[in-house]
Amino acid sequence: MKRNYILPLILCIFTIILALGYCRQQTEVRRVLTENQRLWNENRDLRKSLEQSNNVSRQIDDRQAVQQRVAGQFVERRAYYRRNWQQFITVAASDYRTGFLGGIKNLSIVVRNQTEYPIDNVVVTVQYMRNNDEVFKTEQYTINNIPEKSERSVAASNSRKGSKVSLKLVSVTSQAMNFCWAAGKPAPANNPDPFECVPSPPKNP
């Protein structure tokens with residue numbers, strides 16, 4: 001008779017062990033889910049905080065831009081752009097492709113003119129660089145007739161080598177703005193408006 005009880009007893013013990021293991025597993029699952037929910041909430045709060053910080057930063061930038069525009073109203077408009085030209089005239093490289101073993105394709109040079117005057121020409125040098133920042137080729141491009149509040153691009157040549165490029169402004173000329181700037185031409189000392197193509201006559205006291 002005792003043997004008749006052994007098998008049910010073993011099955012009962014085995015069932016209890018399985019039940020305890022299942023309970024522990026469910027407890028661990030609930031703990032993991034709770035932790036995931038907590039992390040998700042923290043990430044949500046961080047995203048909200050970051051968005052608020054970005055909004056504040058944009059508001060500050062907008063306020064500074066307005067202040068600059070207001071300041072520009074008290075200065076002859078062309079002179080204001082000449083003195084602050086780096087804020088309004090920029091050059092950048094477009095998205096380009098690099099080969100697995102190096103090489104650059106589909107590169108364009110983009111010049112943005114955010115002034116209220118057209119630009120006659122912009123000269124830019126493009127340095128093709130290896131991974132160690134060694135320059136192995138330099139080319140120069142001229143972008144002509146860039147309208148006010150606009151941009152213009154020119155395609156650069158492909159390269160069989162290189163992994164990145166570096167762009168540098170060489171010169172900018174705008175007759176409409178009476179603006180002539182060149183990287184190799186030092187600005188005269190004690191001149192508040194050194195980049196006039198034709199210097200303005202002195203004002204009578």
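Buried means under 20% relative accessible area, exposed means over 50%, and partly exposed lies in between. The model shown here is predicted.

**View 1. Glu116 and Arg77 form a salt bridge.**
The closest N and O atoms of Glu116 and Arg77 are 3.4 Å apart. Glu116 sits in the loop between strand 4 (108-113) and strand 5 (119-129), and Arg77 belongs to helix 2 (residues 77-83), so this pair ties together parts that are 39 residues apart in sequence. Glu116 has a relative accessible area of 37%, so this residue is partly exposed. Arg77 is at 41% relative accessibility, so this residue too counts as partly exposed.

**View 2. Asp193 and Arg82 form a salt bridge.**
Here the closest N and O atoms are 2.5 Å apart. The pair links distant parts of the chain. Asp193 is in the segment after strand 9 (179-182), whereas Arg82 is in helix 2. The two residues are 111 residues apart. Are Asp193 and Arg82 buried or exposed? Both Asp193 and Arg82 are buried. Glu196 joins the picture as well: Arg82, Asp193 and Glu196 are linked in a network of salt bridges.

**View 3. Glu151 and Arg112 form a salt bridge.**
The closest N and O atoms of this pair are 3.1 Å apart. Glu151 lies in strand 7 (residues 150-155) and Arg112 in strand 4. Distant parts of the chain are linked here, 39 residues apart. Glu151 has a relative accessible area of 44%, which means that Glu151 is partly exposed. Arg112 has 33% relative accessibility, so Arg112 also counts as partly exposed.

**View 4. Strand 4 meets strand 7.**
How many bridges join strand 4 to strand 7? There are six bridges, and the two strands run antiparallel.

**View 5. The whole structure holds nine salt bridges.**
A search of the whole structure finds nine of them.

How values were computed
Residues numbered from 1 in each chain as written. Predicted model: local features only at pLDDT ≥ 70, side-chain atom pairs only at ≥ 80, totals over all residues. Heavy atoms only, no water. Salt bridge = Lys/Arg side-chain N within 4 Å of Asp/Glu carboxyl O. Helix = DSSP H or I, 4+ residues; strand = E, 2+ residues; numbered from the N terminus. Buried < 20%, exposed > 50% of the residue type's maximum accessible area, 1.4 Å probe, protein only. Pairing = 2+ DSSP bridges.
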